[in-house]
Amino acid sequence: MKRYGWEIFFGVSMLVLSFVFYFVHYVVFKDSHHIFIFLIGDIAFVFFEVLLVSMIIHQLLSMRERRARLEKLNMVIGTFFSRVGTKLLAYISDYDPNLEMIRKKLIITNDWSDQDFSRVSKGLKNQKYGVDIQNVKLEEFRTFLVGEIDFLLRLMESPTLLEHEAFTELLMAVFHLSDEFAAREDMSNLPATDSAHIAGDIKRVYVLLVREWLQYMKHLKDNYPYLFSLAVRTNPFDQSASVIVM
C-alpha cells in the first residue's frame, strides 16, 4: 500500500475536487438536470477516448517505435556484414565443394524482384552446403576471427537483437566459432575428430550467413539503392564482381 500511497491520495483528491465543483455548480445555479446531462455525456465520451487512445493512437505509436527499432537493427546487421560478414562469406565459400551450385543462385543484379529473392530463399533450404576442412587455412582464419571478438561482443550488447532471432542465432554461431579458435593455441596439427568438429562449426556459420546475407541484400535493394549497388559490386559469390564502376 505504501508503494501506491501517492497514487491513491491523488485519485481520492481528484474525486473530492470533482464532487466539490459539482456541488458549487448546484449551489450557484440550482440546476441538477444540467449537471447530470453533462456528467452522463462526459462519462459516455470516456469510452470513446479509451478506444481512441488505447487502440488507435497506441497502435500507431507502437508501429512507429517498431519501425525505428527495426531500422536500428538493420544498421547493426549492415555493420556486421561490412566489417565481418561479407569477408567470412567469401572466405568460407571458397572451401565449399558445392560452391558452383550455390554461386549460380546468388549472382544478384539490379533487376531482381521480390519474387526472385523469395524463390532463391526457398531454394536455399534444400541447398547442400559443405566445408573442405583439409584445405581451410585454419591459422589464417583463426587470426582474422579472433581479432574481431571485441567487435562481435559490442554487437551482442545491442538490445535491438531481440527483434531478429535469426540474426541473433548467426551472431551466436560466429561468436562460438571465434571462441573455438581462441581456445586453441595451434591449429596446424588437429586430430581428425577435432577437425571434423571445427568443420561443423564453420558449416553452421556458413549456412546462417548465406540466409541472412540474402535477406540483407533484399533490404538494401528495397531501401538503400546506393548501398545495394556497392553490395552487388562486392558480391562474394560473383567472380566477375568489381568495386570499380564500369
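The chain averages a pLDDT of 85, and 96% of the residues score at least 70. The lowest mean, 79, falls in α2, and the highest, 93, in α8. Where pLDDT is low, predicted coordinates should not be read in detail.

The secondary structure comprises 9 helices and 0 strands. Along the sequence the pattern is accordingly α-α-α-α-α-α-α-α-α. The C-alpha trace spans about 95 × 45 × 35 Å along its principal axes. The radius of gyration is 30 Å, whereas a compact globule of 246 residues would have one near 18 Å. Buried residues account for 33% of the 246 residues. The accessible surface comes to about 16100 Å², and carbon and sulfur atoms contribute 63% of it. Of the contacts between residues at least 6 apart in sequence, 75% join residues at least 24 apart.

The largest nonpolar core contains 59 residues. Within this core, Phe80, Phe141 and Ile202 have the most contacts. At least two core residues come from each of α2 (32–93), α3, α4, α5, α6 (149–156), α7 (165–182), α8 (192–223) and α9 (225–233). The top contributor is α8, with 14 residues. In soluble globular proteins, nonpolar side chains tend to be buried together.

Beyond its neighbours within four places in sequence, Ile202 touches Ile92, Val131, Ile133, Leu138, Phe141, Leu177 and Phe181.

An α-helix has 3.6 residues a turn, so residues three or four places apart point the same way.

Trp112 is buried, with a relative accessible area of 10%; the cut-off for burial is under 20%. Leaving aside neighbours within four places in sequence, the contacts of Trp112 are Lys105, Ile107, Phe117, Val120, Leu214 and Lys221. The C-alpha atoms of Trp112 and Glu139 are 38 Å apart, although the two residues are separated by 27 residues along the chain.

Key. Residues are numbered from 1 along each chain as its sequence is written. This is a predicted model: local features need pLDDT of at least 70, side-chain atom pairs count only at pLDDT 80 or more; totals for chains, interfaces and linings use all residues. Side-chain values use heavy atoms; hydrogens and water are left out. Buried means under 20% relative accessible area, exposed over 50%, partly exposed in between (1.4 Å probe, protein chains only). Contact means heavy atoms within 4.5 Å. A nonpolar core is a set of buried Ala, Val, Leu, Ile, Met, Phe, Trp, Tyr and Cys residues joined through side-chain atoms within 4.5 Å. Helices (H or I, at least four residues) and strands (E, at least two) are DSSP runs, numbered from the N terminus. pLDDT is the predictor's confidence in each residue, from 0 to 100. The radius of gyration is taken over C-alpha atoms; the globule rule is 2.2 Å times the number of residues to the power 0.38. Accessible areas come from the Shrake-Rupley method with a 1.4 Å probe; for residues, only the protein chains shown count as cover.
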